[in-house]
Amino acid sequence: MTSGEVLLVAVLALPALGALAVAATPHDRGARVLGTVVAALTLVAAVALLAARDAGWSAYLPDGTAGAVLPWHTVDLSWVPGLDLRFHLGVDGISWPLVVLTALLTLLCCGYSLWRVPTGGSGKALVALLLVVEVGILGTFLALDLVLFFLFFEVVLLPMYAIIVGWGGDSADLAAVDARRRAARKFALYTLFGSVLLLVGVYVVVAAAGTADIVALTGGTGLSRTTQLTAFTLFAVAFAVKSPLWPLHSWLPDAHTQAPTVGSVLLAGVLLKMGTYGLIRVAVGVAPEGARWAAPVLGVLAVAAILVGSLVCLAQTELKRLIAYSSVGHMGFVLLGIATLTATGIQAALIGNVAHGIITGLLFFLAGAIKDRTHTGALSELSGLRETAPRLSGLLAFAAVASLGLPGLAGFWGEAFAVVAAIQVGGALWTTLAVLAALGGALTAAYLLRLLRRVTHGRPTPTVSGLGPGIAGAELAAWVPLVLLTLAVGLAPTLVLGVAEAPVAALVGVLP
């Protein structure tokens, strides 16, 4: 095996074996340390996937080989010969930034658990579940076989359900336990609904084409127009549930509100990206005629998500619910970029995915820290934070300003490029959608500035007046990398766009 193939296997094998080792370790503290070390090694392997290839930063393949999907590294092994199923993994410039983001956020969550374990269960069980979630998310981004993609897509469900039920909520009283169980059940039921549609879509494609190989299927090879329209509809709804996209988003606020801090970070940071990534790689790639047919509807739904998400955020009175609803609007910008079916739009979706993962992960870390200190998330009870905890207040202000899309920070590029892509498509519909999306961006600024006014300004409330200015070292270790990445991606978007440019062009090149 080449070094790239070894790294590709290691990215999945390390957290999988690590989860087993953590569960088998008798001492809780030692198990959490082991899980953090495994997560760090996984991040190293994920980053090294780029260094192990022979091409330059923005080159695709040195020999210029044509094709719609050309991974840097692949592992393709026979898995179930009787059913012609293959264990086919691969990574390219579309999936690699999300692989690194997943590995980074998992490491930060495992490291955070060394300092604080939420009430409800053992720390080692939580870390083991975090590593299992990482396996499912990484496998989804690396799978190049539809059946394998579906299986990894499903791996995430049960451990995330267990994290919400076992460590979520604010207390151990019966009402709190019931609330987090309801949120977890809602998450599971919505996800299962999407999974059924995804499974049916996979069956439709495999039965019609005779193969589950995503590389061979990209461009709609072997699929009639009717099959592509049917498959795209099934895929689009399934991925809309996971993202989640309006109007299939109602599970998200409850899950975020009840999940522990590390659960919210992974849920918002990378689990939602499984849906938007699947929309690009599977739905658009495998059923391009269906994507072209549904593009106007997707654009309308995307702008509706942007506007509805922003308006709902303006009415929120709870910190974590506001951040959760903000994801609906941000994912709307991602969907708008995908709906344009242009290179600019898909690039906007990719960098929007990464930026949202970084910034919203930071926001949920900060929201968790505020809630741990004050034991409340009500905005009316959190005013005056800058007077008693200026460092925490400053970090919250930085994350909020990044989330509203200030130029020079990571959140700017995805939203701006999505609007530009809609204008480039032209016509009355897409121009109107671009204007409305820009209005939604203004509403985003409004609700985030309202958040800062309610929380950081004013006279300190009793719940805030007793806070000290200090921040734990473990908290800084989890937050600083996300702050630096927000600046780095904002100032040098080529960190994401450079590796994605050629594979996006190849994908757009096979669209009708």
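How many cavities of 30 Å³ or more does the structure hold? The structure holds three, a cavity being a set of points on a 1 Å grid over the protein atoms alone where a 1.4 Å probe fits but cannot get out. The model is predicted, so that local features need pLDDT of at least 70 and side-chain atom pairs count only at pLDDT 80 or more, while totals for chains, interfaces and linings use all residues. Residues are numbered from 1 along each chain as its sequence is written, and side-chain values use heavy atoms, with hydrogens and water left out.

The largest cavity has a volume of about 120 Å³, a volume being the space filled by probe spheres set on the points. Among the 15 residues that line the largest cavity, His330, Gly352, His356, Gly411 and Glu415 are the closest to its centre; lining residues have an atom within 4 Å of a point. At least two lining residues come from each of helix 14 (319-339), helix 15, helix 17 (390-403) and helix 18 (411-425), where helices are DSSP runs (H or I, at least four residues) numbered from the N terminus. Helix 15 gives the most, with six residues.

Helix 15 (residues 343-374) also packs against helix 21 (residues 473-491), at an angle of about 150° and with the axes 10 Å apart. Helix 15 is therefore roughly antiparallel to helix 21, a term for angles over 145 degrees. The contact (heavy atoms within 4.5 Å) includes Ile358, Leu362 and Phe365 of helix 15 and Trp479, Leu482 and Val483 of helix 21. By class, the residues of this contact are 13 nonpolar, two polar and two charged.

Helix 17, another contributor to the lining of the largest cavity, packs with helix 19 (residues 427-456) at an angle of about 170°, their axes lying 9 Å apart. Because of that angle, helix 17 is roughly antiparallel to helix 19. Ser393, Leu396, Ala397, Ala400 and Ser403 of helix 17 make the contact with Thr444, Leu448, Leu452, Val455 and Thr456 of helix 19.

Technical notes: Axes fitted to C-alpha atoms, helices over the stretch in contact; angles between N-to-C directions. Parallel < 35°, antiparallel > 145°, perpendicular 65-115°, else oblique. Nonpolar A, V, L, I, M, F, W, Y, C, P; charged D, E, K, R; others polar. 1 Å grid on protein atoms, 1.4 Å probe; cavity = no way out; pocket = protein on both sides within 12 Å on 5 of 7 lines; lining within 4 Å.
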